[in-house]
Amino acid sequence: MRTWLPLTAVCLGAFMLLVDVTIVTVALPEMSADMRTGFTGLQWVMDVYALALAALLLGAGSLADRIGRRRVYLVGLGLFAAASLACGLATGPAELIAFRAVQGIGGAAMFATTMALLSASYQGRERGIAFGVWGAVNGAAAAAGPIVGGLLTENFGWRWIFFINLPVSALAVYVTLKAVAESRDPHAGRLDLPGMATFTAGAAAVTYAVIRVGENGWGSPTTLGLLGLGVAAFAAFVLVELRSTRPMLDLSLFRSRTFVAVMAAGLLLSGAAFSYLMYVSLWLQSAERMSPVAAGLVLLPLSAAGFVVAAVAGRLLHAVPPRLTIGGGLLLIGLGALLQAWMLDAGDGWTALVPGLLVTGAGVGAATPALAATAMGAVAPARAGMAGGALNTSRQLGTALGIAVLGAVFHAGLRSGLGEGGRGLAEPLASGGAGQVLAEAPAGAAREALTGLVEAAFASGLRETFLVSAAMGLAGAAVVVLLLRGGTPAAATPLPRPRGRSTGAQDPTGAPVVRN
């Protein structure tokens, strides 16, 4: 039993931080009513967590290699627990958003070290078992998030989606201190603080600009200024990384077409498959009057299908070229979104989404296992950790940008469906207030007419959201087909300035790479 205590410690943290990506989804309407926050505030509650994860993953991995992976993991657990408590006690949306960002920082410290800790704790057959269990826990976290969030919100209130993290964090800290040994990279260099700062600034500015589009418009000085700031920050990031002797992300990795394809696929997969779930949940609970648990169950087909197909794909499709598994998975994600757009009409209920959710989940399950292996195979073994961290960063950044982009599309679709006379209802509907809007309408024909208008508005907003999601999925499939050629890629020729990083690393055969 003691043998598997390190696995238990790592899986507790991984499950908790991944559940918190989606657990908030079904709590948004109650959160909005309790804290009186609007649509933009709800977007930030979801987005700032993913943004912090994306911005700090590579930096957290570098820090862990330098000062110790167990130490960084424990600090991440403590920070995550403290931020969860603060989120649960928040009295206003600004506080909640700020502490969600701190949660994301703690989550990045945990996420960047989990695979490295497993690699250092197990060898041979036990390592294979440990990574298999860890992968299953990751899949279960995606499926459990909406359900756990619904149960807690419905029975105890939305604040308990954060309070539940406290006992789990305490148990993870105890087991980690008891059973996990320290490891580090003796050749790790200095932290790339300029790279971390410029990447974070660029991602935050672009995300904020897109979230504000609903209020400011694409051509407003605010939007254009923020987009310009984001572009400038990303340009500065590129210059910093090119000149650094120890870059956070070695840009020479992008000489590989395979690596470029995998990064683009990770970004577009997360944006296309998961970012619209927030808006579906708002529709289900406000317009369809479903409970948080019921809304979570509606979203279950996507994660359940992904879990099942990933398990099958890992066993049966390992010899299939990644061009087919990744490209085919993204194609299914795009088709699943198209199916939802085609089947949903005004007055339709949640059943209209189920076929599309199943197809999308199958695409996620087919593409995800091949993404990591292909990223590792696209680079030299000494760069495997950096490649794994870059892939995780691209996926979290895809979620953050996807929520922002699809939020602007959803809001515009709502306004279009409401028409000129109902434009003023767009904000209360988008922030989960459909029930209150209908309750305040006079009974009789007027309420029936307003109900029809609300249903048409949500159908319009969601259809446009699904269409943009479909475009992202199909674009990802096209990129993969164009850039990935042949069979499973071999490791690339070693590039300059090799740095061995073990945060999330695997060699091209799938075995984790460790440098203690």
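What follows is a close look at helix α4 and its surroundings: which residues of α3 and α4 make the contact between the two helices?

Modeller: Happy to! This is a predicted model, in which local features need pLDDT of at least 70 and side-chain atom pairs count only at pLDDT 80 or more, while totals for chains, interfaces and linings use all residues. Residues are numbered from 1 along each chain as its sequence is written, and side-chain values use heavy atoms, with hydrogens and water left out.

Let's begin with the pair itself. Helix α3 covers residues 39-67 and α4 covers residues 69-89; helices here are DSSP runs of H or I with at least four residues, strands are runs of E with at least two, and both are numbered from the N terminus. The two axes cross at roughly 150° and come within 8 Å. Those axes are lines fitted to C-alpha atoms over the stretch in contact, with angles from 0 to 180 degrees between N-to-C directions. On the α3 side the contact is made by Y49, A60, L63, A64, D65 and I67, and on the α4 side by R69, R71, V72 and F80, where contact means heavy atoms within 4.5 Å. Sorted by class, that gives seven nonpolar, three charged and no polar residues. In this scheme Ala, Val, Leu, Ile, Met, Phe, Trp, Tyr, Cys and Pro are nonpolar, Asp, Glu, Lys and Arg are charged, and the others, Gly among them, are polar.

R69 counts as buried because its relative accessible area is 0%; buried means under 20%, exposed over 50% and partly exposed in between, with a 1.4 Å probe and protein chains only. A81 also belongs to α4 and, at 14%, is buried too. Leaving aside residues up to four places away in sequence, A81 touches L166 and S169. Its C-alpha atom is 8.1 Å from that of A170, 89 residues apart along the chain.

Q396 and L53 are 343 residues apart in sequence, yet their C-alpha atoms are 6.5 Å apart. With a relative accessible area of 10%, Q396 is buried.

R36 has a phi near 55°, a positive value in a residue other than glycine, and its 78% relative accessibility makes it exposed.

Stepping back, the protein has 21 helices and zero strands, and 56% of its 516 residues are buried. Among contacts with a separation of 6 or more, 84% join residues 24 or more positions apart.
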